[in-house]
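Have the structure open while you read.

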Amino acid sequence: MTDISTGAARSLPQRARKSRFSAKAVLPYIFILPPVMYLAVFMFWPLARQIYLSFTKTRLINPSRSQFIGLDNYDRLLASPDFYSALHITVVYSVMAVVLGVALGTIAALALNRPFPGRTIVRAVLLFGWAVPNVAASLVWLWIFNERSGVLNRIVTGLGLDSVPWLTTTHMALPSVLLVTVWQVAPFVMLVMLAALQSVPEEVREAARIDNADKLNIFRAVTLPHVMPTLQLVSLLVAVWSIRRFDIIYLLTGGGPIGSTSTLIVKLRQTAFENHDLGLASAYGVIGLILALSVATIHALFNRHRAKRSMQ
Amino acid sequence: MKKQFLLSAALVALALPAQAEDKVKLVISNSQWLDALRGEQLWAVVKAYEKVAPNVVLEQEAIPSKDYADRIMTEFGAGQGPDLAIMQEGVFYALADAGMLVDLADVTEGVALNDTIDNAIVDDVTLGVPWQRAVYAMIYNKELVDQAGASVPTDVEGLIASAKQVQEKTGAIGFTARHQINDFSGWSMDFQNWAYGYGVHWVDDEGELTINTPEAAAAIAAFKEVYDSGIIPIGDDMPTQRTRFKEKQVGFSMDNSGGTLNIASGGAMQSANVMASPLPFPNPAAHQQMFISISANSDHPEEAAAFLKWLISPEGQALMRDASGPDALATDVPVTEEFATVNPWAQTFADLAKSSRSTLIPGHEVETNQIMRPVMQAVEDVLIRGTAPADALAVAQGKIDSMF
């Protein structure tokens, strides 16, 4: 009898502990459920659907009547010179956007990291490009680039030079699109890099100064290693955004002239909405996805390499 | 008393939604709803039907013309979209091909429609009713042309000479026309005027796609001659070109009747100062045909059909005429004398409508956009790189052959 009652007394708190433990265990899952649901509905499902569509013959206006065709869309893609041209332009555009955007943004951040009168105003002005929506910015730049009455050509002709066909020649269109891209991207890079620069401990810099290190050496040995992870992350972001950027390119040039600014995403749009070929358009999308994942993988490998070195 | 008031208020509140539910809502999509003046006028025509059928409420779905094809096809493909869609011929054929449009035989039966209905009959089934047909012509600012002492051109050399004269004597822009690939849809339709003007058909007698022809090369060469002559404001998009014309800054332009009506209405330009003449090409030009069709996804196809029946009735067509300028309609309703007097350019468009051709390639209506992409790239190649037209067209022919 006594045993039984003791056993019951022992099991009650145990049960309570167990139920508390269960609630504790379940709670995090409840918290992450909404974002998981969001990602599942708005990212993973469309992504899985896109990958599936790339193996089908699907018309835009009859997506339910699709037909599985295996790798045919990829065969068509790899046999098309337009695809290689679009891939080449995407890579050139993305690399240049990263190099120029990150370099300019970092230089601006370094300049703004030291105190000078009016720094807050300059910072706010420099952020303007990032704050303006892409579509509005593109439409404004369309006017700036206008061959006849655009501001840029007013300046160029004012200097006694011939007006420049910014968007209407193959050799100028991509640089012009890049100019707008960098104008949009650099302020974001600047903002992120500025935050990273401000987190560099002043005492480490001070120590380097005491050791007679000059400014270049302080930057190379102290500042750069400290901000390197941020620099890599921001480069990754700019690269992925550039691979999938559509609005600026489409509004400025529509992929022209003669396909000179036709990136994978512009070709995707053209294939899906002009040719109504959702299957082939999805194959373009999958290639873009692979490209973006490759960049992310390179970033991850860099990170691992850095982590290993710091462990040693 | 208070109780009675509350009771009646509750009854009214219950009755209101019931009344609204009794009415059938028909959604009509159109890019023209967004046009500054014309949009309001056309919507007023459509809304007049609510007086004829009090059980119907009409609601508009306004989509910018640049996005119209993408949006409407995506909506239809998803099993949604408006009850009635007003669309360009290209979109109409794509939807017809996908079996997304309702047979309108009952609507058009016994109605004396003109030949604008021809292209709405696909495989002997009437899938649309003509909304408007906008024909292309050369329009010019009479005041500027007179001031420059220039003549109205009848060929490309004359156009370049007259436009240069206007430029030199008045400082205005000589000539405007679409010329950029970022406006592919509009430019490819406009370019058909040059192609048709030089006798291009894009298909041979057997219906085979023949892109690389001497006629097409001549059309591209003519376009390049104009492009290189310095009379076009390179880089200006179509809305800017139209605004410039409206602001009296342009001598000559190539535009359709709808665009011209917009230019001549509600701006600095007096309609009496706008004149029109045939395009300066040896052969007749193109037109943009718009149809209105009932979606197969509509929950109210009968009410939508009744609306269309009214639209092509004498009453509906008379109202459409008032809002459509000189555009050809589903039935032969002449422009009023008053309209013709105020708008001297209108008659030229009405005359040109008799011989104009569709911008779609016969037998390849659904694929016209797909075919025109390499063609327009060939035009760009000639304009920008100076490639010989025949060589650029040979590349386009190769691409098209590999596609079909």
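Helix α12 of chain A passes helix α13 of chain A in a left-handed crossing (left-handed if the near helix is turned anticlockwise from the far one by less than a right angle, right-handed if clockwise). This is a predicted model, where local features need pLDDT of at least 70, side-chain atom pairs count only at pLDDT 80 or more, and totals for chains, interfaces and linings use all residues. Residues are numbered from 1 along each chain as its sequence is written, while chains are lettered from A and ligands numbered from 1 in the order in which they are written.

**α12 and α13, chain A**

- The axes of α12(A), residues 264–274, and α13(A), residues 278–311, come within 8 Å and cross at roughly 165°.
- That angle makes the pair roughly antiparallel (over 145 degrees).
- On the α12(A) side, the contact includes A:Leu264, A:Ile265 and A:Lys267; among its α13(A) partners are A:Leu278, A:Tyr284 and A:Gly288.
- Sorting the contact residues gives nine nonpolar, three polar and one charged.

**α9 and α10, chain B**

- α9(B), residues 184–197, and α10(B), residues 214–228, have axes that come within 8 Å and cross at roughly 120°.
- These two helices are therefore oblique to each other.
- α9(B) passes α10(B) in a right-handed crossing.
- B:Trp194, B:Ala195 and B:Gly197 of α9(B) meet B:Ala216, B:Ala219, B:Ala222 and B:Phe223 of α10(B) (C-beta atoms, placed from the backbone, within 7 Å).
- This contact splits into six nonpolar, one polar and no charged residues.

Definitions and conventions:
Axes are lines fitted to C-alpha atoms, for helices over the stretch in contact, and angles run from 0 to 180 degrees between N-to-C directions. Helices (H or I, at least four residues) and strands (E, at least two) are DSSP runs, numbered from the N terminus. Angles under 35 degrees count as roughly parallel, over 145 as roughly antiparallel, 65 to 115 as roughly perpendicular and the rest as oblique. Two residues are in contact if their C-beta atoms, placed from the backbone, lie within 7 Å. Ala, Val, Leu, Ile, Met, Phe, Trp, Tyr, Cys and Pro count as nonpolar, Asp, Glu, Lys and Arg as charged, and the others, Gly among them, as polar.
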